[in-house]
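Please examine the structure below together with its sequence.

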Amino acid sequence: QSRSTCHRLREQIKSWITGDLVKDKQPLMDARRRIESDMERFKVCEKETKTKAYSKDGLAAAANNDPETQAKLDAREWLDNCIENLNTQKDALEAELEIARSKKKAGKVSEREKELEHHRERLNWHIEKMELMLRLLDNDNLSYEDIKSIQEDVDYYLQSNQDADFQEDETIYDALRLEELDQDKAGLDLLKQTKKEKELEKERREKEEAEKEEAKKKDEARKADAEKKRKAEEDKRVKDEQRRIQVETERRRQEEEAKRRQLAMDLARRQQQEAMEVAQAAALGALKKAEAKPLAQSPQVVPLPVAAAAQPPPALRDAGHLRATPEPGPLDLAGESKSGQSSQESLSQEGGAAASEGGSRPESRAEGRPGDEADGIMVIDDLKERVEALEASLKTMPDPPPKPLFDEPKVFEKLDDDTLFFIFYFQTGTPQQFLAARQLKKQGWRFHKKYLTWFQRHEEPIETAYDRERGTYRYFDYETGWCQRIKTDFTFEYEFLENEVPLA
């Protein structure tokens, strides 16, 4: 086959490979490789055959060839000449055959035609043998010595094959065993090709297995990362929920505590108001009684002793310890007059009872003391002073206590680090500890759950990974020195990092 034919066949196979009509493309690829190999061999052969003997390349090649290579080239040149001579004879024979066929009668074949046809077949047979020998010589399956052994017989055939008394020797090529060598070469080539294909197939399979293993590892790593991320999100969600429940519980507790304080203040305010009403009623009753004394029978009224008048009424003594009561309104004068009338009626009744008793003791009525009237006036003045003092005290009574200072989150923004550390370590389990921890996190501190200590970056980490970082840190020594210290080349593992306290 010529080079152009090989090129055309290779392009056709390439189009089949790139198309979708053929599923199994391995045989096409093997055929393409064989065609390309033949094209390379033909290229080398064509270059060698076209090189002239006395040209620059030919002289350079001849000067560089060793005797064995030169002998091989001579044998090849002889074979090329033989093939060319045989082709020339075949062309002349075919021309004579055409002339003979044009002169023959229809339906008849002359003896000369048969003779020429047989002679052409023998020329083709020799040409095939020569081409096979040339191919075996190029592949080093046939030596130039073997070719030299039949050179005389072939030259005799070329010179005398057209003589009338020529006897052809059909065993010229038997000693070379050309068919066996050609089959061995084909088997060897097939074996080499099969071995190469097996190696390529093995490499392809190994490459596919490596790619599958790599894809499997990447898939497993991706699944592990996704699972780790999911667990981290789940843990964060659980911690957020727990933190929300704690904050809600603390808020409810504070609300209930505020409600209890408010109820206690309301109860104390009501008790104090009731005590004030009782004290006012008692004072007004005593005042009306003193004013009604001249109208009643004076011997029947027993004045209050000074010692007894100096003591405040029981309601005033009981209400003296109450605090944080609101300022009462002004006294109801109409109510006082009414209560005074009722008190006067009761006093008159008492006076009647005293008069009936006085009938049995005339001596005591007769012995009325001249200082009794002055003593009653002193008691009334003392009661008035006490009522005025009570009203003045109600006006200056303090308001309910304000909200504690350290319950305000804004207060913690103004505190320094030592104060925040003190609140965190000595106010455990309180809202103030939570607020101090949040403010420390805002300032760049992070709590280490293994060492129970606050850490802060002193400089940027020198190594960072997905689960840790390493560098120089500042930490707070709360056990030995109550101060901040520097720790170099410290590895902070993220699994010990506290993430429960939010920044906002």
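The following questions and answers concern this predicted model.

Q: Why is Glu168 called partly exposed?
A: Glu168 has a relative accessible area of 25%. Buried means under 20% and exposed means over 50%, so Glu168 falls in between and is called partly exposed.

Q: Where is Glu168 found, and which residues does Glu168 touch?
A: Glu168 is found in the loop between helix H7 (151-160) and helix H8 (178-291). Not counting residues up to four places away in sequence, Glu168 touches Arg122, His126 and Tyr157. Glu168 and Arg122 are 46 residues apart in sequence, and their C-alpha atoms are 9.6 Å apart in space.

Q: What makes a set of residues a nonpolar core, and which residues have the most contacts inside the largest one?
A: Such a core consists of buried residues of nonpolar types such as Met and Val, joined through side-chain atoms within 4.5 Å. The largest has 29 residues, and Met130, Met133 and Val154 have the most contacts inside it. Helix H4 (67-103), helix H5 (111-138), H7 and H8 each give two or more residues to this core. The largest share, nine residues, comes from H5.

Q: Why are strand E1 (residues 446-448) and E2 said to pair?
A: Pairing requires at least two bridges; E1 and E2 have three bridges, in the antiparallel sense, and therefore pair. Arg446 stands opposite Phe455 in E2.

Q: What makes strand E2 (residues 453-457) mostly covered?
A: Four of the five residues in E2 are buried.

Conventions: Residues are numbered from 1 along each chain as its sequence is written. This is a predicted model: local features need pLDDT of at least 70, side-chain atom pairs count only at pLDDT 80 or more; totals for chains, interfaces and linings use all residues. Side-chain values use heavy atoms; hydrogens and water are left out. Buried means under 20% relative accessible area, exposed over 50%, partly exposed in between (1.4 Å probe, protein chains only). Contact means heavy atoms within 4.5 Å.
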